[in-house]
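Reader: Hi, I am new to reading protein structures. Could you walk me through this one slowly?
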Amino acid sequence: MAVGQAEAIGQLNALCERLRERVPFYGERLPERTLRTLDEFGELPFTTKADFRDNYPFGLFTVPLERVMRLHMSSGTTGKPVITGYTKHDLDLWGECMERVLRSGDVSEQDILQNAYGYGLFTGGLGFHIGAERVGCTVIPTSAGVTQRQVMLMRDMGTTVLTCTPSYALVLAEALAKEETRVKLKLRCGFFGAEPWSEGMRRQIEYGLGLEAFDIYGLTELGGPGVAVECHEHDGLHIYEDHFHVEVIDPDTGEPRRWGEEGELVLTSFRREATPVLRYRTRDRTVVTDEPCKCGSPFKRMRKIHGRTDDMLLVRGENIFPSQVESLLLAVDGLSGNYQIVIDREAKHLDTIQVLVEALAHGDHDALGRSAEDKIKENIGLTCQVTVLAPDTLPRSEGKARRVIDKREI
């Protein structure tokens, strides 16, 4: 059930009091006064990824380590990893949210769920695992990789639900097409997240795997997946507002945006014990709407993430997001969702951009490339070279796909 304003203020005040008392980082930043309105809450300082790294490893924890039952963290490829902790209470809350995620696709104890998210420090694998166990379905904990074995198990075990990244779902679809085993599968739905993906990729995944594809959303900083999920309407992801307070801000000024206006998503996890987070800047760009959904859910919806402020590419004065390019490529009939964007800088300090994309089949690759170049020029205003490759040319990813190679950084 959605949280009313009075109840939300009470929960947020309780969170602020706990953070002031137990986390020096917040104690130095938060005013002693009691908040009276959500507008006053919106005046409090943001928390950022840099704050997690500056307080590494346990500076943002509100409980002693003897109460922490599990640690998860980000990959830390650009610095110290982001660490999040879980008490028994937190694991129960996470399981509750992940059960809701699966129930949105009508997953029940009758289902067989193949979990191809990575198990380990990454939150995806174990997050879906605890949700599936709460539902009571049969879990096949394959983790990511070993694609041929994944296909064999889907066929032999009668898998009905698939969970993995959308880029790996495409890899599985390709493997199925080669073995011509798709007709023998019992797949009916899948939950795909951990990276942005477009409606065009949804169509390719649904066709290639023969299932209904659900988008999910979560972050390590907020405890992992289980923040939001699509319903059967597939018209935005419902945010679990009884666990997370949601705001949208102007990414440049930090000022609040109205519901229905594009901006950066800001989330507060007010029910977590070990590592609650106050006004976290996700860097994810979206639109949040409070318009009622046909499914009857009381929760606000966020549109598909179409870019991150820290993933934005500045090329010859134009701001572009990889997800924009993906949508335009997939609007060209004959192109696949396997692509890379390569950015370089010439001797005269002029940026060049090349898009490498695979065709779905052999054909007139030059014509497909020209069509994609025209679409990118028309919609983004950027002149680039689109090189269409044969199927199976680009490297495949078992987790998050690497879509951008920026040689200007090398």
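Reader: How many bridges join β11 to strand β12, and in which sense do they run?

Author: Five bridges join β11 to β12 (residues 280-289), and the two strands run antiparallel. Two strands count as paired if DSSP finds at least two bridges between them, and strands (E, at least two residues) and helices (H or I, at least four) are DSSP runs, numbered from the N terminus. Before we go on, please keep in mind that this is a predicted model, in which local features need pLDDT of at least 70 and side-chain atom pairs count only at pLDDT 80 or more, while totals for chains, interfaces and linings use all residues. Residues are numbered from 1 along each chain as its sequence is written, and side-chain values use heavy atoms, with hydrogens and water left out.

Reader: Okay, and which residue of β12 stands opposite E262?

Author: That is V287. β11 also pairs with β10, in the antiparallel sense over six bridges, and there I249 stands opposite E264 of β11.

Reader: What is the order of the strands in the sheet?

Author: The sheet is open and has 11 strands, in the order β4-β3-β5-β6-β7-β8-β9-β13-β12-β11-β10, with mixed pairing. β4 (138-140) and β10 (244-249) stand at the edges with a single partner strand each, so one side of each has no neighbour in the sheet.

Reader: In which sense do β3 and β5 pair?

Author: Strand β3 (residues 112-115) and strand β5 (residues 161-164) pair in the parallel sense, over three bridges, and V161 in β5 is the bridge partner of L113.

Reader: Switching to helices, at what angle do α7 and α8 pack?

Author: Helix α7 (residues 147-157) and helix α8 (residues 166-179) pack at about 70°, with their axes 10 Å apart; axes are lines fitted to C-alpha atoms, for helices over the stretch in contact, and angles run from 0 to 180 degrees between N-to-C directions. The two helices are therefore roughly perpendicular to each other, a label that covers 65 to 115 degrees, whereas under 35 is roughly parallel, over 145 roughly antiparallel and the rest oblique.

Reader: And how many of the residues of α10 are buried?

Author: Seven of the nine residues of helix α10 (residues 322-330) are buried, among them P322, V325 and L328. Buried means under 20% relative accessible area, exposed means over 50%, and partly exposed lies in between (1.4 Å probe, protein chains only). β11 is mostly covered too, with seven of its eight residues buried.
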